[in-house]
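Subject: The structure for you to look at

Hi there,

Here is the structure I promised to pass on. Have it open while you read, and my notes will follow below.

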Amino acid sequence: ASWRQTADSVLGAYGEIGMRAGFSFMIRDRNRLTYQGDAALLAALPSEAAQWLGAQLAAEAIPVPELMAFYAELAADWRGSDHVRLNLAPANLHWCSDEALGKIFETARHAGSQVHMHLLETERQAQFALQRTGRTAVAHLHHLGCLGPNVTLGHGNWLTRSDMDLLAAHQCTICHNASSGLRLGSGIAPVNRMLERGLRVALGIDQSGINDDRDMLAEIKLVWALHRETGLFNERASAAQILRMATEHGAMTAGFGDHIGRLEIGRAADIVLLDRSKVERPAVDPRTPLVNLVLMRAKSQAVEQVFVGGRQVVANGRVTGIDRDAVMAEIAAEMRRPLTDAERQAAAMIDQIMPVVMDQHRHFHAEMARPYRYNSMAD
């Protein structure tokens with residue numbers, strides 16, 4: 001009951017303020033904190049911390065069939081919504097057993113739903129797949145029959161060339177999280193190599209934006225600059241390709257297919273209007289292509305109006321459905337309140353747990369020193 005109440009409240013809030021949502025809940029059944037597994041971590045902890053963490057992990061250990069039943073119920077009740085798509089999200093290969101992946105992808109095929117799965121964000125994740133399966137992470141998903149046009153893989157920073165060939169052949173999508181990869185030090189996705197293969201790329205932010213904000217206008221500038229690469233005649237992502245990643249391809253990976261993402265007859269009227277004078281300030285050469293102007297010069301301050309399905313949700317640069325300033329003040333007040341007894345206990349337990357977690361990560365895989373311009377790729 002609490003799951004359903006939480007999900008309905010979140011999805012209802014999206015509708016209230018006029019946002020579309022590709023909604024999913026994270027699914028994992030192993031290795032919640034380290035690659036060695038939950039039991040190994042608990043065995044290495046002081047008894048008090050082990051007891052506390054064991055209770056937390058036990059509360060999360062929901063059988064995957066039960067989660068799939070909940071998904072089916074939620075998806076059925078929201079099926080008629082114009083602003084919601086229910087997707088499935090196996091968290092990552094090291095977090096999901098083969099049995100769990102089989103059940104999740106079987107459910108997705110039966111429901112015709114999108115699957116969004118983080119994969120190969122870090123070098124450690126690439127090493128885990130090789131050590132535990134004898135294959136790359138992508139090759140293992142292929143072995144399990146999990147690849148297809150409905151599958152989006154988040155990050156893909158450590159894909160090999162053969163991985164990209166497999167993904168392109170199965171018409172999968174990569175969700176590129178550029179600022180997250182830089183901020184967390186997890187890697188740079190080989191986007192130009194993906195585009196050479198015709199692999200569809202969408203843009204995401206993954207909670208760790210470059211400026212602590214979900215600013216896609218800032219993100220597209222970073223993506224454009226990050227993938228220039230050195231060389232005079234090398235292939236690079238164009239401004240038009242990057243805007244398509246942020247719009248049409250983003251709509252597809254969220255589950256909205258050909259319903260939104262482009263301005264054309266038959267699609268919903270999802271439109272962002274920019275104040276051109278603010279974008280061009282102080283001046284722009286009139287020969288500058290409009291697509292280059294938007295990518296290079298547009299900032300969030302230039303957003304004047306936003307329509308979602310023809311409904312105006314931003315007017316004169318301000319959100320119309322809620323009092324944004326009041327919401328921010330409410331969040332600030334909540335974050336400033338004194339910690340509860342339970343929160344203080346959690347903080348004390350985490351202080352005991354983290355050194356053990358870090359020690360297990362340190363001994364899992366000896367990281368290789370690599371030049372940090374573009375990740376080396378070897379098959």
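Predicted model: local features only at pLDDT ≥ 70, side-chain atom pairs only at ≥ 80, totals over all residues.

Residues are numbered from 1 along each chain as its sequence is written, and side-chain values use heavy atoms, with hydrogens and water left out.

Cavity and pocket

The whole structure has one cavity of 30 Å³ or more, and the space in the largest cavity is about 40 Å³. Among the residues lining this cavity are Ser-179, Ile-205, Asn-211 and Glu-219. (On a 1 Å grid over the protein atoms alone, a cavity is a set of points where a 1.4 Å probe fits but cannot get out; a pocket is an open set with protein on both sides within 12 Å along at least five of seven lines; lining residues have an atom within 4 Å of a point. Points are joined across faces, edges and corners, and a volume is the space filled by probe spheres set on them.)

The second largest pocket has a volume of about 330 Å³. It is lined by 13 residues, and those closest to its centre are Trp-3, Phe-25, Met-26, Ile-62 and Leu-67. Nine residues of this lining are nonpolar, one is polar and three are charged. Helix H1 (2–17) gives the largest share of the lining, three residues. (Helices, H or I with at least four residues, and strands, E with at least two, are DSSP runs numbered from the N terminus.)

The core

The largest nonpolar core has 70 residues, and Leu-119, Leu-141 and Leu-167 have the most contacts inside it. Helix H4 gives the most to this core, seven residues. Apart from it lies another core of 12 residues, including Trp-52 and Ile-353. (A nonpolar core is a set of buried Ala, Val, Leu, Ile, Met, Phe, Trp, Tyr and Cys residues joined through side-chain atoms within 4.5 Å; buried means under 20% relative accessible area, exposed over 50%, and partly exposed in between, with a 1.4 Å probe and protein chains only.)

Salt bridges

Side chains of opposite charge can pair when their charged atoms come close. A search of the whole structure finds 24 salt bridges (a side-chain nitrogen of Lys or Arg within 4 Å of a carboxyl oxygen of Asp or Glu). One of them joins Arg-4 and Asp-77, at 2.8 Å from N to O. This pair links distant parts of the chain, with Arg-4 in helix H1 and Asp-77 in helix H4, 73 residues apart. Arg-4 counts as buried because its relative accessibility is 18%.

Which residues pair with Arg-32? Asp-38 does, with the closest N and O atoms 2.7 Å apart, and so does Glu-60, at 3.7 Å from N to O. Arg-32 is buried, at 10% relative accessible area, whereas Glu-60 is partly exposed at 39% relative accessibility.

Enjoy exploring!

Notes
Nonpolar A, V, L, I, M, F, W, Y, C, P; charged D, E, K, R; others polar.
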